[in-house]
Amino acid sequence: MAPPATGGSNERTPLLPGGGSSTALHSSGGSGSSPFGVTPQQLTQMLDPKDPDSLRELGGPDSICKALMVDPKVGLKQREQIGANGQYHSEPFQVRREVFGRNTLPTAHEVTFLQLLAAAYNDRTLSKYS
């Protein structure tokens, strides 16, 4: 019996909208475009693993902040209601959520004590008679 998985997802998998697949397309992004001028895939590629060349290709931190409509000193506006295309939205951050997804971590898979005990019992490195 193999030991149980200790997490809900592979920690190296990017947390992208659409299930974490780098090829997944989001509803407002179409074929890799984004109303913000930078896609979640480009940001993930730049950050995981860290890639200074990708940062340079995107124009550096100031260019990325400008494309994302973020003030580097303050962050997001408190109640952003204007989308990247200039249209008014009643729900704050609606366009941002559609493009980048919600800012939440996936729930972790819980491993019970009994599952840990079974994994330790079946671990050949801990067995006296392996």
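Modeller: Helices (H or I, at least four residues) and strands (E, at least two) are DSSP runs, numbered from the N terminus. This is a predicted model, in which local features need pLDDT of at least 70 and side-chain atom pairs count only at pLDDT 80 or more, while totals for chains, interfaces and linings use all residues. Residues are numbered from 1 along each chain as its sequence is written, and side-chain values use heavy atoms, with hydrogens and water left out.

Biologist: In which helix do Arg-56 and Asp-53 lie?

Modeller: Arg-56 forms a salt bridge (a side-chain nitrogen of Lys or Arg within 4 Å of a carboxyl oxygen of Asp or Glu) with Asp-53, and their closest N and O atoms are 2.6 Å apart. The two residues are 3 apart, about one turn of the helix, and both belong to helix 2 (residues 52-57).

Biologist: Is Arg-56 buried or exposed?

Modeller: Buried means under 20% relative accessible area, exposed over 50%, and partly exposed in between (1.4 Å probe, protein chains only). Arg-56 has a relative accessible area of 57%, so Arg-56 is exposed.

Biologist: How many residues apart in sequence are the parts that the aromatic pair ties together?

Modeller: Phe-36 and Phe-100 form a tilted aromatic pair, with 5.5 Å centre to centre and 45 degrees between the planes (centres within 6.5 Å; under 30 degrees is stacked, over 60 edge-to-face, the rest tilted). Phe-36 is buried at 4% relative accessibility, whereas Phe-100 is partly exposed at 22%. Because Phe-36 lies in the segment before helix 1 (40-47) and Phe-100 in helix 4 (residues 94-100), the separation of the parts tied together is 64 residues.

Technical notes. Rings of Phe, Tyr and Trp (its six-membered ring) pair if their centres lie within 6.5 Å; planes under 30 degrees apart count as stacked, over 60 as edge-to-face and the rest as tilted.
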